[in-house]
Amino acid sequence: MPGPKIGVYVCHCGSNIADKVDMDALRDFAGELPDVVVSRDYKYMCSDPGQDLIKADIKEYGLERVVVASCSPRMHEPTFKRACEVGGLNPYLMEMANIREQCSWVTVDRGGATRKAKALVRSAVNKARLLEPLEDKSVPVDPKTLIVGGGIAGIEAALKIAEAGYKVYLVEREPSIGGQMAKLDKTFPTLDCAACILTPKMVSAAQNPNITLLTYAEVEDVSGYVGNFEVTIRKRARGVDEKLCNGCGTCQEKCPIKVPNEFEEGMGLRKAIYTPFPQAVPNKPVIDRENCTYYKTGKCRVCERVCPPQAVRFDQEDEIIKERFGAIIVSTGYQPFDPSVGKQWGFGRYDNVITGLQFERLSNASGPTGGKVLLKDGTEPKAVAILHCVGSRDKNYNEYCSRICCMTSVKFAHLVREKTGAKVYDLYMDMRTFGKQYEEFYNRVVAERDIYFIRGKGAEIMEDPVSGGLLVRVEDTLLGVFREIPVDMVVLNVAMCPRPDAQEVAQKFGIQRSADGFFLEYHLKLEPMKTANEGVFIAGTCQAPKDIPDTVGQGAGAAAEALKVVLLGKVTVTPTTAEIRETLCSGCRMCIPLCPYTAISFNEAKGVAVVNEALCKGCGTCAASCPSGALRVRHFDNRQLLSQIEGVCAE
Amino acid sequence: MPESKKKLKLALYWAASCGGCEVAVLDLDEKILTVAELADIVLWPVALDFKYKDVEALADGSVDVCLFNGAIRNSEQLEIAELLRRKSKVMVAFGACACYGGIPALANQFDRESIFARVYGTTPSTVNPGRVLPQTKLPTPQGELHLPTFYNAVYKLDDVVDVDYYIPGCPPPPDLIWTAVEAIVSGKLPPKGATIAGERALCHSCLRKKEEKKVTAFRRVHEVIPDPEKCLLEQGIICSGPVTRDGCGTRCLNANMPCRGCFGPTPEALEHGASMLSAAATMAEGKDEATLAPILDGIVDPLGTFYRFTLADSLLRIRNKALVAGAEEKEGEEAAS
């Protein structure tokens, strides 16, 4: 019995493939393969004329299968599927051979590349022969969006979606939204006060009727799929009735317990019942049960007595909220690098070695010193060193550039000069002022008096045995000398790092991480907000270090992505899911606990496993584990995969 | 005699096997008499004194059915398999060894040389100071004697000849044999290539209670008395039920013993052993390599356990018939000369 008629289309990709693979040889080779009735090569198969070749051949030769040898399916599979569909062929009868990313781009050996391309094409032809026509399905979409993380990225995304008239749930782990930006003092390059530009957005988010704000809350569980994510959120007990509380602050004033304030980066104190900062949104305190005397001993209850509206609720319990969402935006932010892991910086050993965020708090008018830059002993510093690249651009810690530190350092230098008479030494490796008005800002600060820019990495900080102050060791690479600079304060501009629970969060939302630990975007350049999990988007510094303008841009971009999902009202679900052949399933239940999407259940009456195809992502875990072979993934079943292996191995 | 013309001609043969399949035929009990009424047996080395030359004398295709048990280990077995194939209308791979290689195929972990070295050299009971090894030719005063060549590997029957039907089992249970006999007699034969057994895995017939497949320790049957009501796998006993064809009547499970896999893989399972290996591995309840390793170390002899009957049927080795037969023949000649 003759096989289906197959057409093979070999793409030069300009010179991307043609430079390494002999196009004529590959085309002729493909033409000789069994069942191949036409094989062609073309400079750009993805171009309109390239696609037209396929469409025309489907009609002329009555093609029943199409094989395109070109780039990765991630690049152009949709293009060629569409071309087939327009040409009158079921799009799932098209198979791609990746002879670019997996062949021409990864070798300098032209002969070897041609051989490999032939093997890949033979493999694709083998699989194509066994392909089956499949139909896309569409499911309705819940119009709500969940945003996880209420920093500036999450707030921006929430506002954009809400202003477009769609519902948003904004979930924040801390008692207030605002994120890291709320801690900052002035922002580069304009020296706006961070709170002045952020708090209006925070207030808008709280007041917008389309936004449901859930602070002091965490997402516990996510299941489902694009358009229909089932999410469980735990809203932790504040110990305060939010409806009654008027935010007067009496409770915080009277609470007798003082603990280090996380918001002040450990420098100031807060009470056991507290709002993290004066402009907190919502301006409703929470009780820190670990430190509250009542929860430890059953006594105290001072806050309850003094509260004018009687809003304190010691017996309040966590609230579990279950909601369905069409799209999810993850904007969980970053964690500052902990410089205490490197002894050379003396962080934690010397009182006046502080991190950038600690400096922000010192300089902030609502911070622990009321905006004065002071040493630990309360005196004004006379010389301040600012170190760039602490924990970044350093193979021992993080290879990446943290992007914001150069500009932050320049800003710090300016603020030190503005607030004190101290000399400033700015120790930089390279000065990277890439953003709009950044270079101008740098030039302005360079011109200020008593700021010394030294090109070199601050290598070590130690105590000055003579003065008792600090000494910063640096190789001044412009002068070519080693220097020891006496200072009394050192600011470490630490790297932005992935949050410590990034892996857990990634698993929860079905997203991946790149080698640096940040969340992985679908395409570094062209799909920065999308993830491999359809309907889950990322924004802000959880994706990579970035400054405020870029974070806001991504927030808005992610909002556009989410709106695209909810506005359409329905999503296409791929038919390349798992399928159980009931007549073969023995009901051993091996697959059920393995499914990462809880898509498999058990039908007791029939004694067989059942796949919910709307939940299934086609990952293949179940099919690989199915002992009897009753489970298969459509478009990737055992026969097809084996035929591909045979195609690669045969020669 | 017109009546005897209607009688079926039946051949039974044993190759590399233990003889259990022969006993299984006798296990038909009184029905064996019915078989004798319905069929004339033309070859049955274990029971009747026909010679190979008697079969050679028959016309090609004149034998209605050949029940062939045992795997192909040497050149004599190959020769008779080919002879019986020529003479028979229907060739049945009878029992696990003919279907999948069976227990003899576990020797495929080793080559001929190491098998000989072990068997004729280093086993504790061997006394062989002259290091005498099996030969294919032996000169004697009466002339040269020829003996079969021991192959480098064990093959299942369909590696060497075309097979029409498969009856699996170690040995095949009498009811399946009877089903096959009835099908042959009535002429209601299934499509060529069919396996006379269930389509699903054995778990389908197993009445034990199945809950969650999570195992913190694997145990061997002699180490524990299993709960007869509960899934054996869930009790940490390697049971090949999920990967093995149904149809045996859950004989082992009824005796509170795990399935050993003698019915071979289900029709859609690619690899019997690897499928079970993967199933066992997914059940191990551990977080990382450090916690998983001690659990999986509890599986003693994984290859022999998971591939107990099907190593010759595995993708782990080349199954190309032409390659197999050709290479072995050539090798045999070289070894002999």
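How many helices and strands are there in chain A? Chain A has 16 helices and 34 strands, where helices (H or I, at least four residues) and strands (E, at least two) are DSSP runs numbered from the N terminus. This is a predicted model, in which local features need pLDDT of at least 70 and side-chain atom pairs count only at pLDDT 80 or more, while totals for chains, interfaces and linings use all residues. Residues are numbered from 1 along each chain as its sequence is written, and chains are lettered from A and ligands numbered from 1 in the order in which they are written.

**View 1. The largest nonpolar core and the surroundings of A:Leu170**. The core has 131 residues, and A:Ala158, A:Leu170, A:Val330 and A:Val490 are those with the most contacts inside it. A nonpolar core is a set of buried Ala, Val, Leu, Ile, Met, Phe, Trp, Tyr and Cys residues joined through C-beta atoms within 7 Å; a residue is buried if 20 or more other C-beta atoms lie within 10 Å of its own, exposed if 12 or fewer, and partly exposed in between, with C-beta atoms placed from the backbone. Leaving aside neighbours within four places in sequence, A:Leu170 is in contact (C-beta atoms, placed from the backbone, within 7 Å) with residues including A:Ile147, A:Ala158, A:Ile177 and A:Leu213. A second, separate core of 104 residues includes A:Met590 together with B:Ala93, B:Cys97 and B:Tyr166.

**View 2. Helix 5 and helix 6 of chain A**. The axes of helix 5 (residues 152-163) and helix 6 (residues 194-207) of chain A come within 10 Å and cross at roughly 50°, axes being lines fitted to C-alpha atoms, for helices over the stretch in contact, and angles running from 0 to 180 degrees between N-to-C directions. Helix 5 of chain A is therefore oblique to helix 6 of chain A, since angles under 35 degrees count as roughly parallel, over 145 as roughly antiparallel, 65 to 115 as roughly perpendicular and the rest as oblique. On the side of helix 5 of chain A, the contact is made by A:Ile152, A:Ile155, A:Ala158 and A:Leu159, and on the side of helix 6 of chain A by residues including A:Leu198 and A:Ala205.

**View 3. Helix 2 and helix 3 of chain A**. For helix 2 (residues 48-61) and helix 3 (residues 73-87) of chain A, the axes come within 8 Å and cross at roughly 35°. Among the residues making the contact are A:Ile54 and A:Ile58 of helix 2 of chain A and A:Ala83 and A:Val86 of helix 3 of chain A.

**View 4. Chain A against chain B**. Here 18 residues of chain A are in contact with 21 residues of chain B.

Methods
Two residues are in contact if their C-beta atoms, placed from the backbone, lie within 7 Å.
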